[in-house]
Structure formats: structure tokens, C-alpha cells
Amino acid sequence: MTFLNYLINGISLGSVYAIIALGYTMVYGIAKMLNFAHGDVIMVGAYISFIITSKMGLPAIVSVLAAVVVCTLLGIFIERLAYKPLRNATSLAVLITAIGVSYFLQNSALLIWGSDPKSFNSIVDFDSIKLFDGQLVITAEAIVTVCACIIIMIALTIFTGHTKMGKAMRAVSEDKGAAQLMGINVNSTISMTFAIGSALAAIAGVLLCSAYPTLLPTTGSMPGIKAFTAAVFGGIGSIPGAMIGGILLGVIEVFASAYISDKLSNAIVFGVLIIVLLVKPTGLLGRKINEKV
Amino acid sequence: MKKWKALSPQTRSDFITYGIVIAAFIVLRLLSAFGMLSNSLTGLLVPLCAYIIMAVSLNLTVGVLGELSLGHAGFMSVGAFSGVIACAGMESFIPNPIIRLLIAVVIGGVLAGITGFLIGIPVLRLRGDYLAIVTLAFGEIIKNIINCLYIGIDGAGLHISLVSSAELGLNSGRVVINGPVGAVGVQKISTFTFSFVLVMITLIVVLNIMRSRTGRAIMAVRDNRIAAESVGISITKYKMIAFITSAVLAGAAGVLFAMNYTSLSSSKFDFNQSILILVFVVLGGLGNIRGSIIATVILYLLPEILRPIQDYRMLIYSIVLIIVMLTTNSEKAKLYIGKIKARLTKKNAKGGEQGE
Amino acid sequence: MKNMRKILCAVLAVVMCTACAAMFTGCGAKASPDKLSIGGIGPITGDAAIYGAAVKNGAQIAVDEINALGGLQIELNFQDDVNDAEKGVNAYNNLMDWGMQILMGTVTTTPSVSVSSEANEDRVFMLTPSASSTDVIGGFPDASGNVSIARKDNVFQLCFTDPNQGIGAAEYIADRKLGEKIAIIYNSSDVYSTGIYDMFMVTAEELNLDVVSVTSFTNETATDFNVQLNEAKNAGADLVFLPIYYTPATLMLKQADAMGYEPSFLGVDGMDGILTVEGFDTSLAEGLMFMTPFASAEHPEFTNKYVESYGVEPNQFAADAYDCIYAIYEACKIAGIDGSTPAAEACEKLIAVFTDPEFSVDGLTGAGMQWTADGLVSKIPQAVVIKDGKYIGM
């Protein structure tokens, strides 16, 4: 029973990582850049949602929509201002700029919303499922996060596989120059990717804080790094990979702290990652190029 | 003068780099002798030197070898903590602090080098961003392990535990590394002159590697792995040389850094610290050693200069970082700077004002 | 147009050069000689920003009150250390250039250990509101009886030390028979938390307390506490001791509630502030006990002022800082220190006043606070329990 409980905890933690990792992998797959500011966009999304539900008292669904809109605009804005001028620069230059953006968002949040923690009110308002006389608990947030994760994964797979815009994205991902020659507007395609990635970040932020309700200006950074690890774990650029990587990471983290050592659980998670990468150097699902976004 | 002109442009450039560092050292020494240095700057000199060594050594991995490393602070951490232990162990029989520091730097460097070798075996098999994430992973693992590490010294030698300081079973000794508290009661023995010497050694080592056969082989691996392999360059060997050298230097910098504060905690050497050093390297220019030094000086001093603006300090820092990256890397900005340069050189040619 | 650009460049260059020169030579902004110059150091950015901000704000309220009295005037210069030893020493040196006479800080333990050594060398009097490790003041043996840092005679604490809190908590459990089986969940990457935990375990053994489960988490894994709570639950613990700060505690209480685990919870002073977390469902904290020197409800004047100025309820850090400034102010009045007294002279005089058994301060965090030569404060901890969303004294 305890084992099952831990498994469920792992999956619910992992689904949060997975949903963040989906955004990471989406942007990486197309723009080929490690967007270290992704975690901070999540934080912004969570703050927007918090303000709308707690301060204005509007319903949860409005707050999610508002968070999505604000983050999408923020994503497009960041992309225009900070990443677009570097389209032909080295990937490292873009990486450092992304780090600059990350610092900027964190410190802006600190100035705007202050350093005191906020407790996020869950947007999910049905009860947890209790089985076997309450010995096994599945929280409502976990169910919603896992469902959202699966829906987003399927939607993204369909979008990149079957729509015109999605195909354009894949083309840009394969070969920017050739895509341009085929009449694809590379710039707007990449902007679109950022818009989608940021919208996903907003949803991830709301779900992250629903499941783990402490909200601080640094809330996004640690889950951001973990999700980045998850994305690499599953094969960065692969949409199902991000999902699997995220959930596995969560399960390993919980099991490591339950059965091996709670002090060293972080080291164990990264240790497993290293072993996986040694066996499969491009992550679990990263090999097949046609699976890349 | 004739001899100077006879040197190759590369060698000349290297000598200019040495010259700048030596000149800066002499100027700072003189200022300090006349009491014209502020407390702030005096306090910043040793860590600044440590960061310069970090940046130069990371440049060897990122700029010269061309592999992105996100865990450089891990080596610094290994060096720092082994240096602290070494120093604590030698306190009783080597009274001279400089000799103790020197031995500690060597021990820290060697241990970081061994760590670099062990990590290098799996890491260098990977490529690109996968390599980057594995270095990040190692950095986090090192941080996590040191966080649980308890080491004490008494008459019987070293005691190590992963549980608690009480488990060490010390017999009137002292706890050197105390889990999450890290090392406390470290003797401050780093000096500016020693740091300067270490910076010079780092520069000589790195610049000589770069200008040697080894360096050319490493750069060949970076520029075209397959071509390099096909002309008989051993990829693993040269990757390893660059990676380990970089780790050794980072370890030495770690000792220097650790010996400048009375306390040291493992959480200091986290992902953000690695990123900070990476920022120095990228901003200074990949493969450009002098650039790394200048970027480190500017970016390390910037948050300190910005102290008067208090709350907005880190915000301004991030904005400056973004703007600098955009202006040095974006095509439009490059074009614009090129124009200004062209105009200036025209003026100079006409005999107008001199160099700006 | 060309000229404009040239002028702009020149202006920028001049600004940069002055900024650098000011920093290099220490001719930047200077403390005014007719005001007492108190320096403050703490994290106002980064993970621990909340504690630094609370101290900064609390201290500022005290300074404003004192300045309004019209007697000795105080100027407070608060610098950021990002909860890092290196940045802490940088901030300290910056304050030395500014002309700091007395140091109120640093807020967190890690930078405080380094900064207190510097202050001890330079002979600057230092009173820390909240850095609670004994390494800050020095001269204390650790759990195995070894002294690794000598006493820094000019460094004093206004808060309880971590070991004292650990001992206090264990004794409190034994005295009041709060629980039969005790579980502990602590943060193994945090100095404060492990400091309390170590001493708690030693005392618990002496008092024959039945500790059935010990689990920990780190800053990197401080999101999911189900494993730790499950172990406590499976071990049958009816009291969970949480020597942690309130931010992870809010998460933990929620997760315990979700899994239907309802033991009693006992916290330490870091738990203070849990009711002020915006949006926190205070019913989750119902019955939470903790030991704190400060309960905001008992000091409405300060609390109202704080809420008015900063929009949030003050926590214990703010109250500690407020008391620090008043303690320094009272001591300076006795010792006859003003804005023109050199730091080293002020330091010796203040040590004499602070260690004087006649000297006592009534503050928000305790009445009749006194200090001993070993740097410790004596004040009485107060246990409070949360009932109906309010702190009630026990």
C-alpha cells in the first residue's frame, strides 16, 4: 500500500515536471535553444492567476485564461526583444541572453509582488479520491495535472503532425534555410513556437502551484531545472519523451527519498539521468529524428 | 622593439595579456601601499582573481574545446573543500601560511583533476546539449554529496561520515566539514599577491596549451571532429586533456576562494555559480582569454558598483547583461558598431583625435 | 547629430569612471557625522529575500520612531547579501567604506559566520537579529564537544541559538507530554534546521522521548513531502516536530491534510509568520504549536505601523530587527556614543554596556532582555498555539 502511495505521489510530482518539460521541449525542438527563462515564465503565470483568483475574486477558469494570455504576450515580447536579434548568433549567446531574461523576470517579480510567499488557492475544486478506507489517496490536483498533461501531449503531437503551422514548425526545426526557400516565414514560425511554449508555461504554472501551493519569485527556477532534466531524459525535442521523462523523474525522486536516502535523493535523480544518457546518449525517445517537433 | 615586431601576432597578443595583468597588479599594489584603495575593492581582489581563474579555465572547455559545461562550480567545490581539509590537517606542523596555502592549492587542484577525469570518462562520450546536462547533473551531485559530508580531524587522522558529526567519533579533534553548515573556522590565508601569481600561472598554462600542438589538436576536434579523427587525432585524449586541465585550475581557484572566507558552504557552488562563470566566458568571447579576464572584472564588479541603487541592483544587472549580449551578438548592432569604427578610423587617418 | 552622440558617449564614460573611482577609492556616499551610522546586511534578493526584507523594514520603523523623538539621530544603510558569505563580506566592506559605526546583521547564518569574523577583526560592534547558529558568536562546543570557532567578543545575538531551541523543544515536549511517539522532519540542506535537529536528538535521548521517525528533505526537493509524512504516519507518530521555516511548512500541512494524517505539529520560531502568508488556508494550521518570542497580535501598535507601511503582517524577523535597533539605541545613549564616535571606540563601549548586568531592554520579543559575555540573549520563549486562525499563548 505504501508503495502504491509513493507511486501515485511520484506520478503526480512527475506530471508537474512533465507539463513544464513539454514547454521546454517544444521551444528547444524548433528554436534549438535552451530557454532558461521558461521556469520564470511559469512563475509569472502563477502570479497572474493568483492575483485574479485571490485579489479580484474571479473564477478559476478566468484566471487560467488570463494567465495564458499574459504569458503568451510576455513570451512573444521576450522573443521579439531578446531572442529575435540573435537569430544568427551562436547558441551560447542566446543561452546567456535567456539567463539574463530569467534574472530580469525574477527580479521584476520581486519588485512587483514582494518577497513574502503567497499561498496559491488550488483551481481544482473537487475532492481527492480516497481508496481502501483512506489508505490510498489520489489528490484532485494530481488527476487534473495528469489529464492536462496527456491532453496537451496529444494536442501538440496532432498540431505538429497534421496542421499547416505544425508542419512549418517541423520544417524550420529540420532546416531553417530550406524552410525559408519553401516559402515558410521562419521568423513568425519561431515567434509562434514561443507563444505556444509560453501559453503552456502559464498552464504549467497554475497546475504547479495548485499541487504545491507556495508562490515566490523563485518558484519557477528549481522546477525549471528539473523539467529541463526531464526533457533531456526523455530526449529533448521529443513531445512524448518530455512526458515520459517528466513522470519518470518524479517517480525516481519520490522512490529515491523513500527507499534509499532522503538526503541524497537529488543526487540519485541526477545519477540515474547520467546512466540513462550513457546507455541512450540522446535520451529515451530522442533517437528518431522524425519524432522531433 | 625589433624583436617585438618579429614575434607572431599571437605571441604578441599573449604578451599584451600578461602585460595587462601585471600592470593591473602593480597599479593596485601601489594604490594599496598609498592607502588609496577602498575596503570594498581590497575585499574583492582575491575572489576576483579566483573568478578570473575560473573563467579562463572554463574558456578552455567551452571556447577552445567547444563543449558546453554547466557544472564548472562542482570542480571549484571539490577543490575548495579538499583545500580546507588539507589546510586544517597541516596547521599543526606547517606554521607558514603561504606554504600551507601552496600545498592546499596543489592538493585541491589534483583532487579536482581526478574528479574531472572520473566525470570526463562518461561525459565526453556525449555531445552538445546532452553533455551540458550531464555536467549540470554532476555539479548537482557533488553539491548534494558535500552537503551530507562530515569530516573531522584528530590525533588519529581523518574521520569521515555521511550521517552526522557525532558519528565521527572524534577524540578531542575538530570538525572541519560539518554537513550543511559546511566548513567553519577556516583560516583566512589567501593573499592578493598569491592570487596574482596563481592567475599568471593559469594564463601561462592555458595560453601555452592553446598555442601548442595539443591546443591545435583540441581546436581541430572542436571545429571538425570527423576531419580531426580522420587525420589521426585521438579525440578522447585531447578532449580529456582540455577537460582535466580545466578542472585542475578550477580546483585551485576553489582553494584560493575558500581560504578567503572564514566559512564556506556547499550550496555556494550551485548551478547559478556555474552559470555566472559561463556568463563571464561567453561575454568575454569564446576562446578569447583576455576577453574572459576583462569580462570577469567588469561583470564581477558591476553588482558591487550598483550597490547605491539598492533594490533595483539585480534588475539593472540583468538588463545590462541582456543589452550587452544583444549589442555584441546581434547583426544589426554589429553593423552599427562597424559603421562607428569605420568613421573613427577615417578620422584617425586624417590626423584627427587619437584613439578612443 | 554627430555631436549629440559624442556628448552622450562622453557623459556615459564620465559616469562610469566616477562610479568606478568612487568605489576604488572609497569616496562614494559617506555617512553623515552628526547621525549614528548603523549598517544592516541581509538578503533582499534571491531565495531568502523574505527574511532580509522583514529585517530591513522592521529596523526602518524603529529608526523612524527614534529619529522622530528628536534626540540621537540614526541613519540606516541596508545592503544585500543574497544569503551568501561572499556577498555578505562584500556588503560589509561596502558599509565600512560608507562609514558604518555599528552593524545590525547579518540576517541569515551562512553569511553571518564570515561577516562576524571580519567585524571581530575590524572591531565593529555587531548585533544580529536572527542569525541563530552558535558559529556566529563563536566559543560554543558542537554536539561532540569541540570548539571550532573562538568566541568573537564583539558579536551578540538577539535571537535564540539553534541548539537552545532544540533543547527547549525537547524539554517542552517532555514537560507537557505533547506526544507519545514523535516524528521529525527537517531540512538537511539548511544550517538552521540541522542545528536545531542535532541538539533536539541529543536532548530527546536524555529525556527518553520516543522518536519513531526521522526524515529530511533538501532545498532542491522541498516540494513533495508525502514520503516524509507517510513514514511518520506509518510509524504511528502522534506528534510531528518541524524545525523548519514556515514556507515549506505551509506545503507540508496541506499535504498532510490531503492524505488524511492529523497528528499534532510542533514548530520552532521559524514557523512564525505562517498565518500571514497571503492566501494560506489558516484552518490547516489549526492546532499548530510553536515556540516564538513574538506574537504579532500582542503588539498592535507595531503591527499596524508595519502593515500600513509595507502591506504585510510583520513576522518575528521584523520584530527582532526592531528590537535590535532599540537595543543599540539604548546602549548608545548609556555609553554616550554619537555620530562622531569612531567604530572601534564605540565597539568597546558597547561591549561594556551589553555585558553589564544592569543593562536590559524591553522589546517586542521579550521584556528585560539581557546579554552575557558569551553573546547570548536571555529572554523567555513563549509557546503559542494557533486557534481559530490566531496565535494564542500557551
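## Basis of the description

The model is predicted: local features need pLDDT of at least 70, side-chain atom pairs count only at pLDDT 80 or more, and totals for chains, interfaces and linings use all residues. Residues are numbered from 1 along each chain as its sequence is written, while chains are lettered from A and ligands numbered from 1 in the order in which they are written.

## Chain C as a whole

Chain C has twelve helices and 15 strands (DSSP runs numbered from the N terminus: helices are H or I with at least four residues, strands are E with at least two). Its radius of gyration is 23 Å, close to the 21 Å that the globule rule gives for 394 residues, so chain C is as compact as a globular protein of that length (the radius is taken over C-alpha atoms, and the rule is 2.2 Å times the number of residues to the power 0.38).

Of the 394 residues in chain C, 59% are buried (20 or more other C-beta atoms, placed from the backbone, lie within 10 Å of the residue's own).

## The seven-stranded sheet

Chain C holds an open sheet of seven strands in the order 7-6-8-9-10-14-15, with mixed pairing (two strands pair if DSSP finds at least two bridges between them). Its edge strands, each pairing on one side only, are strand 7 (210–217) and strand 15 (390–393) of chain C. Four bridges join strand 14 (residues 382–387) of chain C to strand 15 of chain C, and the two run antiparallel. Val384(C) has Gly393(C), in strand 15 of chain C, as its bridge partner.

Helix 7 (residues 191–206) of chain C packs on the sheet, touching strand 6, strand 7 and strand 8 of chain C (contact places C-beta atoms, built from the backbone, within 7 Å).

## Helix 3 of chain C

Helix 3 (residues 85–98) of chain C has 14 residues, and 14 of its 14 residues are buried. Just after this helix, Gly99(C) takes a positive phi of about 105°.

## Where chains B and C meet

The contact takes 38 residues from chain B and 39 residues from chain C. On the side of chain B that touches chain C, the elements giving two or more residues include helix 3 (39–64) and helix 12 (289–305) of chain B. Helix 3 of chain B gives the most to that side, with six residues.

The residues of this side of chain B divide into 18 nonpolar, 14 polar and six charged (Ala, Val, Leu, Ile, Met, Phe, Trp, Tyr, Cys and Pro count as nonpolar, Asp, Glu, Lys and Arg as charged, and the others, Gly among them, as polar).

Conventions: Contact = placed C-beta atoms within 7 Å. Axes fitted to C-alpha atoms, helices over the stretch in contact; angles between N-to-C directions. Expected span 1.5 Å × (residues − 1). Buried ≥ 20, exposed ≤ 12 C-beta atoms within 10 Å, placed from the backbone.
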